[in-house]
Amino acid sequence: MELLLAIVIGVLFTAAVYLILSRSLLKIILGTGLLSHGAHLLILTMGGLGGTAPPVLADGVTDFADPLPQALILTAIVISFGVTAVMLVMAYRMYAVHKTDNMNELRGNDEHD
Amino acid sequence: MEFVLLIFLPVIFALLVPFVAKYLKGIHTGWIVLLVPLALFIYYLSFIPLMMDGGHAISELKWIPSLGITFISYIDGLSLLFTLLITGIGSLVVLYSVFYMDKKKEDLGSFYVYLLIFMTAMLGVVQSDNTITLYLFWELTSISSFLLIGYWYTRDKSRFGALKSMMITVFGGLMMLGAFALLSIMGNTFSIRELIAQAPQLVNEPYFTLALALLLLGAFTKSAQFPFYVWLPDAMEAPTPVSAYLHSATMVKAGIYLVARFTPIFGTSSIWIWLVTGIGLLTLFWGSFFAIKQTDLKAILAFSTVSQLGLIMSLLGAGAISYHTTDAVFALATYAAIFHLINHATFKGGLFMIAGIIDHETGTRDIRKLGGLMSIMPLSFTVALIGSLSMAGLPPFNGFLSKEMFLDSMVALQHFELFNFDTWGILFPIVAWIASVFTFTYSLYFLLKTFAGQKKLEQLPKQPHEAPIGMLLAPMILASLVLIIFFIPNLVGKWIIKPAVMAVQPTLYANPQTVNVHVQAWHGFGSTALWLTIGIIAVGSLFYVTIPKWQPLYNIQPAKLSLNEGYDALMRGSDRGMNRLSRLYMDGVIRTYLLYIFAFLSVAIIAVLFIKDAFVIDMTSFAAISLYSILNAIILVLAVGFVVFSNNRLAAIISLGGVGYSVALFFVIFKAPDLALTQLVIETVSVALFLLAFKHLPALNSHGETAKVKVVNFIIALSVGVMVTLVALSSHSQKLIPSISQYYKDTVATEAGGGNIVNVILVDYRGFDTLFEIAVLAIAGIAVLGMIRLRVSRKETTDENK
């Protein structure tokens, strides 16, 4: 199972990096979204995919899934949501001001270096 | 009395100088400043009897005891000699500057502050026994020299000269620091005395040669040896008192001091002898040869200083030979070096002051415009005559004595047999003799072109007349010293030089008075040096008479190939080269930087994984595979494909949502209900957010990406993906310790009173994470609000409202 997930995560990372390297700002944001999905799945997989029951105490259950990675992912999901929201609004503002989303045109000029 | 504090006397006095300059307008600031070097000079004279008995004096001031860094003033013969030069010539220079620097036109406060800082720095250099404080004062001399050269900071040339001298001497200073660091590693001490005591062991240390080379770099840059002399002629933009003091008598001799001081440590090495003697002789020849090319009085003197410093350096190298042979003539070489050091300080200081007087009284220093000043400025002429002839090495002036000793030492070199001197030794006296001929020629050139010949009064900017007596006082004192030393060389030798020689070669002498040298002016007709001197005078005079015929030879050397051009090209080249380099890889496009980062990351990690043989897959630790997860994985990969290849932003956003929901399904499959819940909600909100912004966002556009760019992107992206997969598999297969989750599972009910382990971890075991995650969300909310609401500039507002 971990082998399958590792490959899926690899696909997610490949797609994310490919999008991040593109020239369109919107694609970069889509790429970061995929990247965080990949990272979350990676944490989960690294914690081990065994365990027959969710980590909630119940009678007669002893083989829980590992709760610690789940707590970590929960935190990460919320934070990546916050960051995505900020990036989205930043992209909106930038597009409104500069009228372009071409990353090749968005480079500093000589006045700044 | 703790005389180590006296080192700081000038710099402390410098604090008062601005007030003196501001509130005592009636009196020239220099008169007040003069008290400091004069008092120091008189005080340090009292050390002479102690030195004559071979004693030394030590005074300490703790600075950073825990690191072994202490201001130690260690006065022995060598330090005292330099101290007397610094304070003595310092007094004369201040006296001279009182008449040279105009009270009304010049900023005297700054001038004397810099000069006093320099004096402290120089005293510190020659008296420090601790290498770190020696380095401190060494750099302080570079800085104060920089300030003094750039004194007339509104002139381009001053600033250029100041920067050039700073770059070169600070480069050397840093090299020297390296040598000190290596020495302290080898000898485990910063104290020079203790290092000297360990000299026999140090020779066998692996860093010995490196330390030697670095130390010599420091000494050669400071003392303007070949090829580092280029800063000295440009430093002539400084006011003349500064040139006389720093660039002839004191600072440029700091390198000489360093070589002399470290001779007991490095002198036994053949590399040392070859380098110091060889570079010294080369500098001697080079400086004397190019002095005749110059047309500016101070430039002639600058090249002459370069050449004379080379002479002293070569004598110090030859003096180190006395560690290998009992031949008395090499002991003479050290003596001659120190003797010539004093002589040079006296006559060169005087000559600089005369050059300043000529500049002051005629308005020019260009030797082509000068001539026939003998009858107009008789006193200046007399001083210049004494200085020049002493520089040329004629009797009855002190330069004659040291020049004879120099020739003797160089002639003796050819008989020395160790270290291949038997093959190459013959070169030394030949080069030395030719250089002396040129020295004689440029001395005449300096003297006669200025004072003899036709008067060219109409060419001069000012009507020349004799300088005021106050201005002439200092050069006259120096000139009389030139004469006095000629007649009582052995007294000077006994008082000052022999203790200094003993300090340079402490292992060879038990007492300064056992230095077996008796200077005499007349050796009889059998003396080689006499005939060499006669030859110098004959050939030198011939050269001087024929100067117009052979001076065009200098034009053969193309301007592009000079060392100055080399320095300029180096500075320009490194400036442009660095600029070009950084522009090459910093092109301002974010994709380029991301390419560097991703490529480095994936290549480095994959390489380490396989080079270290760390890649392992252990299938037994993997969980069983299920049908649902295969199906879900296929859905996820398809959705990812849609996100990547979609040309429609709506489709892309919805596909991204699809990816999020299938991730949530994975959370369900892998028994993570809280995650699944959160993921569903967040994904829904995210997609809603995307759709909200949808109207305002740009259309998906490849912006003219070529297939080639896409392929490069894909390769990099694939390598990152592969890297993540490999690392994930490898690390999952090699877990070193079991999870700590067992503790949470065991105690969640008893300790925390909860049933949902994930929630209890979030708010109880690891509640801090949650607190700051809330903070992140709050900040993100404020940022979003701020970016939407705030309009900084008016222009943007109009844009928004369109």
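In chain B, the hairpin of E1(B) and E2(B) has four residues between its strands, and Gly68(B) there takes a positive phi near 75 degrees. Strands here are DSSP runs of E with at least two residues, helices are runs of H or I with at least four, and both are numbered from the N terminus. This is a predicted model, where local features need pLDDT of at least 70, side-chain atom pairs count only at pLDDT 80 or more, and totals for chains, interfaces and linings use all residues. Residues are numbered from 1 along each chain as its sequence is written, chains are lettered from A and ligands numbered from 1 in the order written, and side-chain values use heavy atoms, with hydrogens and water left out.

E1 (residues 57-64) of chain B pairs with E2(B) in the antiparallel sense over seven bridges; pairing takes at least two DSSP bridges between the strands. Ile64(B) has Ile69(B) in E2(B) as its bridge partner. Seven of the seven residues of E2 (residues 69-75) are buried, so the strand is largely enclosed by the rest of the structure. Buried means under 20% relative accessible area, exposed over 50%, and partly exposed in between, with a 1.4 Å probe and protein chains only. Ile69(B), Phe71(B), Ser73(B) and Ile75(B) point one way from E2(B), while Thr70(B), Ile72(B) and Tyr74(B) point the other way.

Over in chain A, there are three helices and zero strands, in the order α-α-α. The C-alpha atoms of chain A fill a box of roughly 70 × 25 × 25 Å along the principal axes. Of the 113 residues in chain A, 61% are buried.
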